[in-house]
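Please look through the structure shown here before reading the notes below.

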Amino acid sequence: MLNTIQNKKLLLKRGFIFKAHHGKGYEKLRENQFASAEHGLVHEPVANALDEHQGNKPICITLKKKKNLYVLSFHDNGKGLQQENLNSLHFIGQSSKKKKKENTIGRFGMGLVGAFNSKIGVQSVEIKTLVCGKAARILYDCSRAGIPTWRMKELNEPCSGFKISFSFPASSHRIILKALTDFLKDNIVPVEFNGKIYCVDPSAMAGKKDISVKIEQNPKVYYAAHPFSNNWVFTDDIQLYLRKMLVEKGTMYPMFVTTSGSKLPQNFYHYDTPYMQDESCIIVSETGEPTLGRDKLVRNEDFNTIKKNVETARCLALVELFERARASALRQLRHYADNMATANIYAMRSLLVKKLKQDDSFMETKGHCAPLLEALLQYPLFSIFEDKNPLSITDILSFTTKENVVLYAETPDAHGFLRGSHNCPFVLKEKVCYIDDLWGGHEYRRIETILKPLLESAGLELVSMDELLWNEKKCEDLEEREILFRSQLKIKHLTSPDQEITDFLDRLKTLLNRNWFRHSLVRFHPPRKIRILPISVEKQEHSGEIVAAVLNGTDADPDELNIGICMDSLPMRSILKKNNAEIAALPVICHELTHHRRKLVDDMEEQGRHSDSFHLDRIQLETNVLKNCTLHLLGKDEELSRGCQMGMLSDVGEILVL
């Protein structure tokens, strides 16, 4: 259908035609072009002056009181007005700068209308300049509603450049002076105001302890990281200048990452964006479109280039941060660098995976991140139990382990459980954080949450030793793969323990012979006689830490249980140092009692394992014992007595602890 119409030349090419009411259209553009009326009065004349200014002499701004009005003047050193300039000055949308769009701020011919805003009570506007080579004065009467009237006459006095002056009442003086002060505070082009030069040097933004980076190519980026910031709230400041004018000021995070959520590393993950907690940035673009920038940076056609240069600066700052931290003894700097390394390994995981697989497909869009990726792989972040010096990802990958298994543990107990019973050259030390100034209220684990997915993509298997404490099947699997070596233990009964151990065992037996303990064992098939014995375990090359053990064989009398407690084990040495050590040892007794119960109900294959059923029973027994022990310590034995009187102990009978 469309081809038919075109072939018959029924579709004519015509210019865009619209109808508008001149007065209402002018008022709409005047009142709504800028976020505030005073913004248009200050920024638009400055933008025009910067476009036309010549030479090294700065633009001159004056604010003076004249009778009952204030006069704000802007004076540049331009050529003045030609006939085409005069037409564009009085006809909206006919800017003479359209052909200079690469090096001028304005180009649409609409901005100056915003400076005539009636909300701040502009009474009149005066222009003094050369018009077609002759000195002239153009005066606009803005005291009445609608389009202002204007008249022009020649001047007999000499005139240079272009000077525009706005007269407004004293009631607007405060807000206009504030807008002007705010402009001068952030201005990066020399401007003279009432005889004083104002100009901000972007390169002076960084402090002595900050990390400063400068990107020279357009758009220029002046970047500073603040590793010694003590603020709970992150430092996240940006100033964006498009063609010398400040168009965006605020926080970087919603501008370059996402407008939702908080500036936390987990919100950077899907964007492959480098992360810096405390940062400031000044961007100066010579080609970006400031008119669009006033509204939203993301509408700007140079947004991707600006974002890339900011990311480049951030990557270089992070690389320098890691280098400083490795060479410094300052704990605060090292802690900050560790946090940033952790955050960036998490945020840039997909790029790190590609780099580990030698996949260079990311270089086209994220090649500027390559130095940071290499620094993250080399940074020693991950602590180990065997040495005080942490390892880097590259270090971990360089070790050869059987079947590429790497062990990690959260607690010293978990690490000591199988110490010397595996062939891994090191055990990574897990770090857990629940509430943190970097991660907010989100729990993170440095190994399990951040490192493990990365190393598994590289072909390594990370195994938690905390899991091996209860997962017997996993232990057996690792034994079959010859990663764990658990040999038979040689246990010896201590016939003459020292006085400290004797006193401890006496207090423990007294505690276990109380009614509340027997009450706790209801429905757990307890033995009639429990014997507590001090033992020692002969250390062997492939034996883990033994705290206690059931000394009866599987064919022993089910009504008798012998529990051996290894008094020289690390956990027991720690327990003996505590007040009321006998109470602290109750979980150890519960653990061995649970083995006795599972021996009675499990088949031969499952006996002795730390299965899921074993741990469910253990938790229930510990809950009962510790609850009743608490009631006893609080002096609420009457509650326990009522339980005994109701016959709740009928399943237990008498239990004797020797």
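This briefing covers a predicted model and is grouped by topic.

**Nonpolar cores**

- The largest nonpolar core has 73 residues, and within it Phe322 and Leu428 touch the most other members.
- Helix H8, which covers residues 303–327, gives the most to this core: eleven residues.
- Another core lies apart from it and has 42 residues, among them Ile120, Ile164, Phe168 and Tyr222.

**Contacts of Leu428**

- When neighbours within four places in sequence are left aside, the residues in contact with Leu428 include Phe382, Ser383, Ile384 and Phe385.
- Leu428 is also in contact with Ile396, Val406, Leu407, Tyr408 and Ala409, as well as with Ile447 and Leu451.

**Aromatic pairs**

- There are seven aromatic pairs in the structure.
- One of them is formed by Phe399 and Phe426; the pair is edge-to-face, with 5.0 Å from centre to centre and 65° between the planes.
- Phe399 is in the loop between helix H13 (393–398) and strand S14 (405–409), and Phe426 is in the loop between helix H14 (412–417) and strand S15 (427–429), so the pair ties together parts that are 27 residues apart in sequence.
- Phe399 has a relative accessible area of 37% and is therefore partly exposed.
- Phe426 counts as buried because its relative accessibility is 4%, and the cut-off for buried is under 20%.

**Charges over rings**

- Arg349 lies over the face of Tyr346, 5.0 Å from the ring centre.
- Lys429 lies over the face of Phe385, at 5.1 Å from the ring centre.

Definitions and conventions:
Residues numbered from 1 in each chain as written. Predicted model: local features only at pLDDT ≥ 70, side-chain atom pairs only at ≥ 80, totals over all residues. Heavy atoms only, no water. Core = buried A, V, L, I, M, F, W, Y, C linked by side-chain atoms within 4.5 Å. Buried < 20%, exposed > 50% of the residue type's maximum accessible area, 1.4 Å probe, protein only. Helix = DSSP H or I, 4+ residues; strand = E, 2+ residues; numbered from the N terminus. Contact = heavy atoms within 4.5 Å. Phe/Tyr/Trp six-rings, centres within 6.5 Å; stacked < 30°, edge-to-face > 60°. Lys NZ or Arg CZ within 6 Å of the ring centre and 35° of its normal.
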